[in-house]
Amino acid sequence: MATTRGNAQERGQAGRTAAASPEKGQRGPERGQRGPERGREGPGTDQAAPEADEGLPAADWRVCGLVNALARRIETHVREHATALGLTAPQAVALRELTEPMTLRELAQRMSCEPSNSTFVSDRLEEQGLVERRPHPSDRRAKQLVLTPKGTALRERLMASLSTESPLSPLSDQEQGTLQQLLMRAVVR
């Protein structure tokens, strides 16, 4: 029973871990409502951009729609490649983010999820022998997550897999850098 609930908990956080999540207090469109992705022209849209009198200027709606569409593509990409390796999307995101030993709180920040979710995901990774908890070198109260040799090998396979046909692969390295800078300016205030 706990596994079923736990897997549902992981699935519930998958979207938040695959891409940057909105700040607390901000909400996206509910199911069945027209979201920003409808406010741009291109695949998957069937309406013109809303006018400024709906709250956001049309250009903002288009950008929001594009960011949402990219986030969905990245989430799908991560989920497909994770499944092929026997992982859930949140487990894949945790492995991707474990570039060095880190606390569960640090991992949660990097995964853009709540600490309780990173704990749950880490527990599953530990059960699979992919990570282990070790004492923090400078804080007696904290533990760090560290990849095991098996976890390191799987992380390398995951990273190689994620780099194939990435949603960002049509962009050059310079364009990806520019996109990252622009998104950082929009997100970090």
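**A close look at helix α2**

Guide: Let's start with what is hidden: W61, G65, A69, E75, H77, V78, H81 and A82 are the buried residues of helix α2. Please keep in mind that this is a predicted model. The helix covers residues 58-84, which makes 27 residues. From its first C-alpha to its last it reaches 39 Å, close to the 39 Å expected at 1.5 Å a residue. After the helix comes G86, a residue with a positive phi, near 80°.

Now follow one of those buried residues, E75. Its side chain meets that of R79 in a salt bridge, with 2.9 Å from N to O. Why is this pair about one helical turn apart? E75 and R79 are four residues apart in helix α2, so about one turn separates them. An α-helix has 3.6 residues a turn, so residues three or four places apart point the same way. The two partners can be told apart by their cover: E75 is among the buried residues, whereas R79 counts as partly exposed because its relative accessibility is 34%.

To place the helix in its setting, step back to the whole protein. There are seven helices and two strands, and from the N terminus on they run α-α-α-α-α-β-β-α-α. Of the 189 residues, 34% count as buried.

The E75 and R79 contact belongs to a total of eight salt bridges in the structure. Another one pairs R141 with D139, whose closest N and O atoms are 3.3 Å apart. Here R141 counts as exposed, because its relative accessibility is 77%, and D139 is partly exposed at 25%. Elsewhere, salt bridges with shared partners link R96, E97 and R110 into one network. Within it, R96 and E97 bring their closest N and O atoms to 3.0 Å, and E97 is buried, with a relative accessible area of 14%.

Finally, a word on rings. The charged end of R124 sits over the ring of F120, 4.3 Å from the ring's centre. As for aromatic pairs, a search of the whole structure finds zero.

Methods:
Residues are numbered from 1 along each chain as its sequence is written. This is a predicted model: local features need pLDDT of at least 70, side-chain atom pairs count only at pLDDT 80 or more; totals for chains, interfaces and linings use all residues. Side-chain values use heavy atoms; hydrogens and water are left out. The expected span of a helix is 1.5 Å times one less than its number of residues. Buried means under 20% relative accessible area, exposed over 50%, partly exposed in between (1.4 Å probe, protein chains only). Rings of Phe, Tyr and Trp (its six-membered ring) pair if their centres lie within 6.5 Å; planes under 30 degrees apart count as stacked, over 60 as edge-to-face and the rest as tilted. A charge sits over a ring if NZ of Lys or CZ of Arg is within 6 Å of the ring centre and within 35 degrees of the ring normal. A salt bridge is a side-chain nitrogen of Lys or Arg within 4 Å of a carboxyl oxygen of Asp or Glu.
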